[in-house]
Amino acid sequence: MKMSKLGYFSEFLLFPPLILALVLLAFRSPTPPQPVIFAIVYSVGLVGWTFIEYLLHRVLFHHAPILSHIHECHHHSPQDLIGTPAWASVSIALIVVGGPFWVIIGFNLGIAATAGLVTGYLWYVFVHYATHHWRSHRNSYLYRARVRHARHHHLSHSGNFGVTTGMWDHVFGTALERRTPRPSDKLDADLAN
């Protein structure tokens with residue numbers, strides 16, 4: 001869905017206070033989590049997001065009937081702010097992700113896992129925006145993310161599905177290598193300008 005800047009970034013207004021409130025609830029409960037365990041589960045959630053991001057992009061965004069059409073619009077107009085409405089993201093985070101985690105690993109650790117996933121998701125939204133709208137310093141993390149994502153847009157829609165990291169593309173053999181095909185040199189030069 002095409003969105004305004006406020007709509008596109010409204011998740012940054014909704015998720016942080018929600019997660020902070022849930023974390024406070026977890027640590028103020030009669031049996032608060034151990035901080036180290038909470039941090040480990042949060043980190044697993046954060047890394048877990050990168051895998052979910054890869055799968056969503058590779059499978060759903062390029063093959064699911066409705067989502068692939070929306071994603072195709074993004075490929076045709078990458079400067080447009082096309083995304084998920086905040087109400088849908090919050091609903092999915094609480095019902096589809098948080099709820100099962102709370103049931104399976106308990107409320108406190110479920111909060112940690114959900115907070116890690118949500119942090120990863122917000123990082124993805126930020127990095128994806130930056131790859132399309134910012135000129136980053138050469139060799140910076142955002143520059144490398146921009147080049148990697150530009151290859152997905154301009155060279156092949158069958159690779160470089162990770163936006164925040166290329167790790168899963170390397171694991172699953174979908175990484176579009178730096179020097180192949182040859183047009184990437186022109187792409188790198190265009191991105192540098």
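Helix 6 (residues 107-133) gives the most to the lining of the largest cavity, with four residues. Helices here are DSSP runs of H or I with at least four residues, strands are runs of E with at least two, and both are numbered from the N terminus. The model is predicted: local features need pLDDT of at least 70, side-chain atom pairs count only at pLDDT 80 or more, and totals for chains, interfaces and linings use all residues. Residues are numbered from 1 along each chain as its sequence is written, and side-chain values use heavy atoms, with hydrogens and water left out.

A search of the whole structure turns up one cavity of 30 Å³ or more. A cavity is a set of points, on a 1 Å grid over the protein atoms alone, where a 1.4 Å probe fits but cannot get out. Lining residues have an atom within 4 Å of a point. The space in the largest cavity comes to about 50 Å³. Volume here is the space filled by probe spheres set on the points, with grid points joined across faces, edges and corners. Around this cavity stand Y8, H74, P78, D80, L81, I82, H128, Y129, H132 and H133. By class, that lining holds five nonpolar, four polar and one charged residues. Nonpolar covers Ala, Val, Leu, Ile, Met, Phe, Trp, Tyr, Cys and Pro; charged covers Asp, Glu, Lys and Arg; the others, Gly among them, count as polar.

Take L81 from that lining. L81 sits in the loop between helix 4 (65-76) and helix 5 (86-105). Is L81 buried or exposed? L81 counts as buried because its relative accessibility is 10%. The cut-offs are under 20% relative accessible area for buried, over 50% for exposed, and partly exposed in between, with a 1.4 Å probe and protein chains only. L81 and G7 are 74 residues apart in sequence, yet their C-alpha atoms are 8.9 Å apart in space. Q79 belongs to the loop between helix 4 and helix 5. At 48% relative accessibility, Q79 is partly exposed. Y129 is itself one of the cavity-lining residues.

Now turn to the open space. The largest pocket has a volume of about 910 Å³. A pocket is an open set of grid points with protein on both sides within 12 Å along at least five of seven lines. Its lining counts 32 residues, and the closest to the pocket centre are W49, L56, F61, T84 and Y121. Helix 2 (11-27), helix 3 (35-63), helix 4, helix 5 and helix 6 are the elements that give two or more residues to this lining. Which helix gives the most to the lining of the largest pocket? Helix 3 does, with seven residues. By class, the pocket lining divides into 23 nonpolar, seven polar and two charged residues.

Helix 3 also holds F38. F38 is buried, at 9% relative accessibility. F38 and A26 are twelve residues apart in sequence and 9.8 Å apart in space, C-alpha to C-alpha. V44 has its place in helix 3 too. With a relative accessible area of 56%, V44 is exposed. V36, I37, I40 and V44 make a nonpolar surface patch of about 370 Å². Patches are made of residues with over 30% relative accessible area and no salt bridge; like charges are joined within 9 Å, and nonpolar side chains (Val, Leu, Ile, Met, Phe, Trp, Tyr) within 5 Å. A salt bridge is a side-chain nitrogen of Lys or Arg within 4 Å of a carboxyl oxygen of Asp or Glu. Accessible areas come from the Shrake-Rupley method with a 1.4 Å probe, and for residues only the protein chains shown count as cover.

Most residues other than glycine have a negative phi. N139 has a positive phi, near 70 degrees. N139 is in the loop between helix 6 and helix 7 (141-154), and is exposed at 58% relative accessibility. N160 has a positive phi as well, near 55 degrees. N160 is in the loop between helix 7 and helix 8 (167-171). N160 is buried, with a relative accessible area of 3%.

Last, the whole chain. The protein chain has nine helices and zero strands. Buried residues make up 42% of its 193 residues.
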